[in-house]
Amino acid sequence: MASLNFTQIRNKNPISDLTLTRSQTGLARRTRVGFKVVAAGESPVEPDLSVTVNGLHMPNPFVIGSGPPGTNYTVMKRAFDEGWGAVIAKTVSLDAAKVINVTPRYARLRADSNGSGKGQIIGWENIELISDRPLETMLKEFKQLKEEYPDRILIASIMEEYNKAAWEELIDRVEQTGVDAFEINFSCPHGMPERRMGAAVGQDCALLEEVCGWINAKATIPVWAKMTPNITDIAQPARVALKSGCEGIAAINTIMSVMGIDLKTLRPEPCVEGYSTPGGYSSKAVHPIALGKVLSIAKMMKAEFNDADYSLSGIGGVETGGDAAEFILLGANSVQVCTGVMMHGYGLVKKLCAELKDVMKLHNFSSIEDFRGASLPYFTTHTDLVRRQREAIEQRKAVKKGLQSDKDWTGDGFVKETESMVSN
């Protein structure tokens, strides 16, 4: 007779129609009930990586993050052909003429000492702005991509000045291309804060609430608000965005940083004509920080919002399937990759999918929903950690002391109770 393993699973709430209105989008959250019985020696079922987020079906949870990997038709087409679950295009605005980029615009941090070109890359800084391509060109390419890949998910990242009419015009023009959703850039840490763009909005909850109100009154497709980590409590603006009508939160964008100083020239990096400016930090080194920020948002969403109606997209230092699994275990529905693609290429998605499946097979998870948010209950306060450890120590001491009275003997634990009072 085969031995049996028992693994908890979630039961899926059926959805009768995936063609939902904007107010109806979102999957009902499964709850952990029942057990799956797997006979030892059975071939495990191949895990299903597909996800449905705010009514949008993706073959896997891996999304091209807004930035250079989604900067034009050619590279976005490549992303779809390689198998990415969705693509978020580089951020667009109405007037691209005001966007002027410089070169070099990137700097890398390696594990070795200052100036070494041999160590592993663990940090990446950019001083790049949003798309400098004319909006009409980007719109034409959005439309072409949706015509060629009607079943794939294309998300437009948009950012505009503090001007209601400008936001409404941008939303209307982009929606006409057939994109599936918006990601609102409330988080770019550098460039044009004087115009109340990017992080200048995401760091001001009152301003954020007003702008989200404009956006959600106009948009007819799902809206994700991309959060800045350059703030004391990231859950506060995330809460405001959701209350103001956004269906999803994406976090985190890059962290404001200075990559370093070249100790030979005494000039900062990236160096443009001998000068530089603070930029956005990404890659491996930000992963633990991103996990902490996503945890904060996920706990807030679980406590205050219906998990079935809203989504969370995790971003930050993802280069392996294990990195992605950590975001999902904290409650993320999807995982974005930008710097990782710049370093390893579009084929990275195949490695990510294979490694994520390996994690799922290890725990007998058959779908993403089987383990989404599974690690959230294990985070608590430091005060509670102290209490738990104190109780555990007392229990261990009690076992070592043995029974205190003849009335403490039990039939079921008789042998162990006897051994607890043996000295050698």
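Visitor: Which residue just after H8 takes a positive phi?

Guide: This is a predicted model, in which local features need pLDDT of at least 70, side-chain atom pairs count only at pLDDT 80 or more, and totals for chains, interfaces and linings use all residues. Residues are numbered from 1 along each chain as its sequence is written, and side-chain values use heavy atoms, with hydrogens and water left out. Helices (H or I, at least four residues) and strands (E, at least two) are DSSP runs numbered from the N terminus. Just after H8, a positive phi of about 120° is taken by Gly 331.

Visitor: Which elements do the buried residues of H8 pack against?

Guide: Buried means under 20% relative accessible area, exposed over 50%, and partly exposed in between (1.4 Å probe, protein chains only). In H8, which spans residues 321–329, the buried residues include Phe 327 and Ile 328. Contact means heavy atoms within 4.5 Å. The buried residues of H8 pack against strand S5 (62–64), H7, strand S17 (311–315), strand S18 (334–337) and helix H10 (348–362).

Visitor: Why is the pair of Tyr 106 and Trp 124 described by a particular class, and which class is it?

Guide: Rings of Phe, Tyr and Trp (its six-membered ring) pair if their centres lie within 6.5 Å; planes under 30 degrees apart count as stacked, over 60 as edge-to-face and the rest as tilted. By this rule there are 7 aromatic pairs. For Tyr 106 and Trp 124 the centres are 5.6 Å apart and the planes stand at 45°, so the pair is tilted.

Visitor: How many residues apart in sequence are the parts that this pair of Tyr 106 and Trp 124 ties together?

Guide: Tyr 106 is partly exposed at 29% relative accessibility, whereas Trp 124 is buried at 10%. Tyr 106 belongs to strand S7 (residues 106–110) and Trp 124 to strand S8 (residues 121–126), so the pair ties together parts whose separation in sequence is 18 residues.

Visitor: Which residues do salt bridges that share partners join into one network with Asp 384?

Guide: Asp 384 and Arg 388 both lie in helix H11 (residues 382–401), 4 residues apart, about one turn of the helix. Their side chains meet in a salt bridge of 2.6 Å, N to O, and Asp 384 counts as buried at 13% relative accessibility. The residues joined with Asp 384 into one network are Arg 387, Arg 388 and Glu 391.

Methods. A salt bridge is a side-chain nitrogen of Lys or Arg within 4 Å of a carboxyl oxygen of Asp or Glu.
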